[in-house]
Amino acid sequence: MTLIMEAFDRPLARLTLDEVTQHTGLPRSTAHRILDQLVRCGWLIHAKTHYSLGGRALTLGGRERAQHELRSAAADIAQNLASRTGTYVHIATLAGAEVFYLEMFSGRSGSRPGSQVGGRAPAHCTAVGKAILATLTPEYVDNQYADALGNVRTMHSIRDMSALHQELARVRGRNGLALERGECFPGLACLGAAIRSDDGTVGGISVVTPRDQVLEPLAPMVSRAAQAISARLTGPRRPR
């Protein structure tokens, strides 16, 4: 187990079974068995063909490093988006079945959201959370979020897996842009997009507006902001 955990030497590392086997020198069947045990215990997450650090491992310090990298890459881009749109802008990451708000930037006269830096909200009730979930496999969403749908914020919140999968399909159909109107905070709407690095999705960005505001004009700006932050987080992999 120690050999396998050492293979994940970056907070955002995503490794296949063959890569873990190559790094550790363990027989493939042994590595697969231990990986399954680590997934069941919450130390790792298995999504599609790759493994990544789970919540238990990230709380030991890796999460703080990853969040710092995301904050550094996003700060000026998010502030510029807030200034141009006159809205509040969130930078958030996924924390279990919730989003964790890392940063919040204020525009000229945007609607004050009910969220706060360091706060959390159910991922399926927020635009930034839905944008992140749309990048995950349906199987992963089923395994991780089936029990979380009882945690709703308003009468407009998604309440069952079928509706959630339909919503995530719509997000993918909009090239990753997620919407929500009054699902997390009454009277407010959000538009969000996922942020990626070489290791996969690491968080998301969203703008907050009054619920009845037309969001379409903001869509290109949110997409470009997410792409610009993602570009800063991608590049040549660091040598092991």
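Ala92 stands opposite Tyr101 of strand E5, in a predicted model for which local features require a pLDDT of at least 70 and side-chain atom pairs count only at pLDDT 80 or more, whereas totals for chains, interfaces and linings use all residues. Residues are numbered from 1 along each chain as its sequence is written, and side-chain values use heavy atoms, with hydrogens and water left out. Strand E4 (residues 88–95) and E5 run antiparallel and are joined by 7 bridges, where helices (H or I, at least four residues) and strands (E, at least two) are DSSP runs numbered from the N terminus, and two strands are taken to pair if DSSP finds at least two bridges between them. E4 and E5 form a hairpin with 2 residues between them, and Gly96 in the turn has a positive phi of about 70°.

Strand E4 also pairs in the antiparallel sense with strand E9 (residues 200–210), over 5 bridges, and the bridge partner of Tyr88 in E9 is Val208. Strand E4 is mostly covered, with 7 of its 8 residues buried; here buried means under 20% relative accessible area, exposed means over 50%, and partly exposed lies in between (1.4 Å probe, protein chains only). In strand E9 is found Ser206, which is buried with a relative accessible area of 1%. With contact defined as heavy atoms within 4.5 Å, and not counting residues up to four places away in sequence, Ser206 touches Tyr88, Val89, His90, Val128, Leu191 and Gly192.

A further set of 3 strands forms an open sheet in the order E1-E3-E2, with antiparallel pairing. Strand E1 (14–15) and strand E2 (44–47) stand at the edges of this sheet, each with a single partner strand, so one side of each is left without a neighbour in the sheet. Strand E1 pairs with strand E3 (residues 50–53) in the antiparallel sense over 2 bridges, and Ser52 in E3 is the bridge partner of Arg14. Helix H3 (residues 28–40) packs on the sheet, touching E2 and E3, and its direction makes about 110° with that of E2; for this angle, axes are lines fitted to C-alpha atoms, for helices over the stretch in contact, and angles run from 0 to 180 degrees between N-to-C directions.

The 13 residues of H3 should span 18 Å at 1.5 Å a residue, which agrees with the 18 Å between its end C-alpha atoms, the expected span being 1.5 Å times one less than the number of residues. In H3, Ala31, Ile34, Leu35 and Leu38 are buried. These residues cover an arc of only 105° around the axis, which puts them on the same side of H3, the arc being that of the directions from the helix axis to the C-beta atoms. An α-helix has 3.6 residues a turn, so residues three or four places apart point the same way. The cover over the buried residues of H3 includes helix H1 (2–7), H2, E2 and E3, whereas Ser29 and Arg40 are exposed on the other side of H3. Just after H3, Gly42 takes a positive phi of about 90°.

The structure holds 8 salt bridges, a salt bridge being a side-chain nitrogen of Lys or Arg within 4 Å of a carboxyl oxygen of Asp or Glu. One of these joins Asp18 to Arg28, with the closest N and O atoms 2.9 Å apart. Asp18 lies in helix H2 (residues 17–24) and Arg28 in helix H3, so the pair ties together parts that are 10 residues apart in sequence; Asp18 is partly exposed, with a relative accessible area of 47%.

Arg71 forms a salt bridge with Glu103, the closest N and O atoms being 3.1 Å apart. This pair links distant parts of the chain, with Arg71 in helix H4 (residues 55–85) and Glu103 in strand E5 (residues 98–105), 32 residues apart. Arg71 is partly exposed, with a relative accessible area of 29%, and Glu103 is partly exposed at 25%.

For the salt bridge between Lys130 and Glu183, the closest N and O atoms are 3.1 Å apart. Lys130 lies in helix H5 (residues 127–133) and Glu183 in the loop between strand E7 (178–181) and strand E8 (188–197), so the pair ties together parts that are 53 residues apart in sequence. Both Lys130 and Glu183 are buried, and a network of salt bridges links Lys130, Glu167, Arg170, Arg174 and Glu183.
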